[in-house]
Amino acid sequence: MYRMLIVDNEDYVVEGLLEVFRQLPHLDLELIGAYSAREALEWLQRTKIDIVVSDIRMPGTDGLTLQREIVRYWPRCKVVFLTGFNEFDYAQHAIRGGALDFVLKTDGDERLIEAVEKAVAKLKDEIEIERLIVKSKQ
């Protein structure tokens, strides 16, 4: 099971996405919602998080700043940014910072689900590679 944190300052976005991903048992996700970057950081400080889906523009701490903190606590965590703004600069900074994907809110749930499926697949691949390395050392 993978732990996924959904972060957005809009309550309805967090609640809606939690409901969408609850309907997808094949992803085997434990879901957590956070309604600000500050709340997300509190979760990250006390709990291992595997995937973060975060708005990139939030009041106070923005998603790019949050991403730097995520990498500090959980370097293997996969970050997918969700935004209502189609701005190349944000996408470029997000990807350079190690984000896995950048999804526009107007793209719909299917596109976000694909991004999370990609994150899960990447996590599985990394675990398998680690297992093979340990096995080869033995």
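Colleague: Where does Leu66 sit?
Modeller: Leu66 is placed in helix H3, which covers residues 63-73; helices (H or I, at least four residues) and strands (E, at least two) are DSSP runs, numbered from the N terminus. This is a predicted model, in which local features need pLDDT of at least 70 and side-chain atom pairs count only at pLDDT 80 or more, while totals for chains, interfaces and linings use all residues. Residues are numbered from 1 along each chain as its sequence is written, and side-chain values use heavy atoms, with hydrogens and water left out.

Colleague: And is Leu66 buried or exposed?
Modeller: Leu66 counts as buried, with a relative accessibility of 1%. Buried means under 20% relative accessible area, exposed over 50%, and partly exposed in between, with a 1.4 Å probe and protein chains only.

Colleague: Which residues is Leu66 in contact with?
Modeller: If its neighbours within four places in sequence are set aside, Leu66 is in contact (heavy atoms within 4.5 Å) with Val7, Ala37, Ala40, Leu41, Leu44, Ser54, Met58 and Thr61. For one of these, Leu41, which is 25 residues away along the chain, the C-alpha atoms of the pair are separated by 7.4 Å.

Colleague: How many salt bridges does the structure hold?
Modeller: There are 11 of them in the structure. Asp8, Asp55 and Lys105 are also joined in a network of salt bridges.

Colleague: Which residue does Glu130 pair with?
Modeller: Glu130 forms a salt bridge with Arg76, and the closest N and O atoms are 1.5 Å apart in the model. This pair links distant parts of the chain, since Glu130 is in helix H5 and Arg76 is in the loop between H3 and strand S4 (78-83), 54 residues apart. Glu130 is partly exposed at 32% relative accessibility, and Arg76 is partly exposed as well, at 49%.

Colleague: What about Arg131 and Glu128, how far apart are their closest N and O atoms?
Modeller: The closest N and O atoms of that salt bridge are 2.6 Å apart, and both residues lie in helix H5, three residues from each other, or about one turn of the helix. Arg131 counts as partly exposed at 43% relative accessibility, and so does Glu128 at 34%.

Colleague: Switching topic, where is Val103?
Modeller: Val103 is in strand S5, residues 101-104, and is buried, with a relative accessible area of 1%. Not counting residues up to four places away in sequence, Val103 touches Val80, Phe81, Leu82, Thr83, Arg111, Leu112 and Ala115. The C-alpha atoms of Val103 and Arg68, which are 35 residues apart along the chain, are separated by 19 Å.

Colleague: Last one: which residues gather in the patch of negative charge?
Modeller: Asp109, Glu110, Glu114 and Glu117 gather in that patch on the surface. Patches are made of residues with over 30% relative accessible area and no salt bridge, with like charges joined within 9 Å and nonpolar side chains (Val, Leu, Ile, Met, Phe, Trp, Tyr) within 5 Å. Glu117, in helix H5 (residues 109-137), is partly exposed, with a relative accessible area of 33%.

Methods
Accessible areas come from the Shrake-Rupley method with a 1.4 Å probe; for residues, only the protein chains shown count as cover. A salt bridge is a side-chain nitrogen of Lys or Arg within 4 Å of a carboxyl oxygen of Asp or Glu. Lys and Arg count as positive and Asp and Glu as negative; His and the chain ends are not counted. The place of a charge is taken as NZ of Lys, CZ of Arg, CG of Asp or CD of Glu.
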